[in-house]
Amino acid sequence: MVGVIVDAQRMHVTKEEWRELLGSLSRVIGREVTELHTRDFYSGNGIWRELRGTQRAETISSVLDWLVSRRHDVVYAAVNKEHFRRSLESGKIPREVNTPWRFLGLHLLLAVQKVHEKHSKNKGHTIFVFDNEEREKMKLSDLVRNAPSWTDTFYSKGKKQERLDQIVDVPYFADSEAVYLLQLADFLAYFLRRHAEIESRHSGERYDGESDRLSGWIEKIMSRSIGGSAIYPATGRCSCAELFYAHAPNVIRTMHRA
């Protein structure tokens, strides 16, 4: 799961530029593109069948260069589903986060809380917007309204500090076709996952040099990361941070240190 952190004052420019990207892709393939489904785009499936691999690779590189130039920050989290399932069955996963989606969602919330509380005059300035996930809306909203005490140590909550005090309200949920930045977050998540699949030997390369090309793209994404110490600290982890660290693929939790 990936989040893109955008300053509200600059968001309209970002939205317009993403709309322009979709427009340019529409002109290339001769049909309207309202949403970039990264899996199909990367593989050249469906409407992207006539677009050469080199053209798709160039587009991916230009999108990531654009992300860096716009100076939007990125937060990410991952979970090994099989490890998660075993821990859930043995009672090691707190009931509040007993689905992988909710587990990742809370991790992103905590990481952003940890980073943003360091900024002066920033209290309560962060709004989260997630892609529609009907079965999880109420549960995640509950997590923000009534954050469990075991999360306090992730960001060293003070005695008089409200839990998750950087978050304006409960998370909002929207359709990615209408909210372009959700498409960008999905775009980034796809490449982090593909990179992890190859590096963890869960999948082979689909073409010669795929791993090297992905590594270059990942380097660009990581250049805008909020920092591994806020997501997967290498040392001094509290029990809450250890929970997320222990269930993440090693390639993801050490990626920022590579």
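**From value to term**

Biologist: The backbone oxygen of Leu 22 lies 2.8 Å from a polar atom of the side chain of Ser 26; what makes this a polar contact?

Modeller: A polar contact is a pair of N or O atoms within 3.5 Å, in which, within protein, one must be able to donate a hydrogen and the other to accept it, and residues adjacent in sequence count only if both atoms are side-chain atoms. The distance of 2.8 Å between Leu 22 and Ser 26 therefore meets the limit of 3.5 Å. The model is predicted, so that local features need pLDDT of at least 70 and side-chain atom pairs count only at pLDDT 80 or more, while totals for chains, interfaces and linings use all residues. Residues are numbered from 1 along each chain as its sequence is written, and side-chain values use heavy atoms, with hydrogens and water left out.

Biologist: Why is Ser 26 called buried?

Modeller: Buried means under 20% relative accessible area, exposed over 50%, and partly exposed in between, with a 1.4 Å probe and protein chains only. Ser 26 has a relative accessible area of 13%, and is therefore buried. Ser 26 is found in helix H1 (residues 11-29), where a helix is a DSSP run of H or I with at least four residues, numbered from the N terminus. Leaving aside neighbours within four places in sequence, Ser 26 is in contact (heavy atoms within 4.5 Å) with Arg 31, Glu 32 and Val 33.

Biologist: How do you know that the contact of H3 with H7 is nonpolar?

Modeller: Ile 60, Val 63, Leu 64, Trp 66 and Leu 67 in H3 meet Leu 184, Phe 187, Leu 188 and Phe 191 in H7. Ala, Val, Leu, Ile, Met, Phe, Trp, Tyr, Cys and Pro count as nonpolar, Asp, Glu, Lys and Arg as charged, and the others, Gly among them, as polar. The residues of this contact accordingly divide into nine nonpolar, no polar and no charged.

Biologist: What is the class make-up of the contact of H5 with H6?

Modeller: Trp 101, Arg 102, Gly 105, Leu 106 and Leu 109 in H5 meet Lys 139, Leu 140, Leu 143 and Val 144 in H6. By class, this contact has six nonpolar, one polar and two charged residues.

Biologist: Which axis values describe H5 and H6?

Modeller: Their axes, lines fitted to C-alpha atoms over the stretch in contact, with angles running from 0 to 180 degrees between N-to-C directions, come within 10 Å and cross at roughly 35°.

Notes: Helix = DSSP H or I, 4+ residues; strand = E, 2+ residues; numbered from the N terminus.
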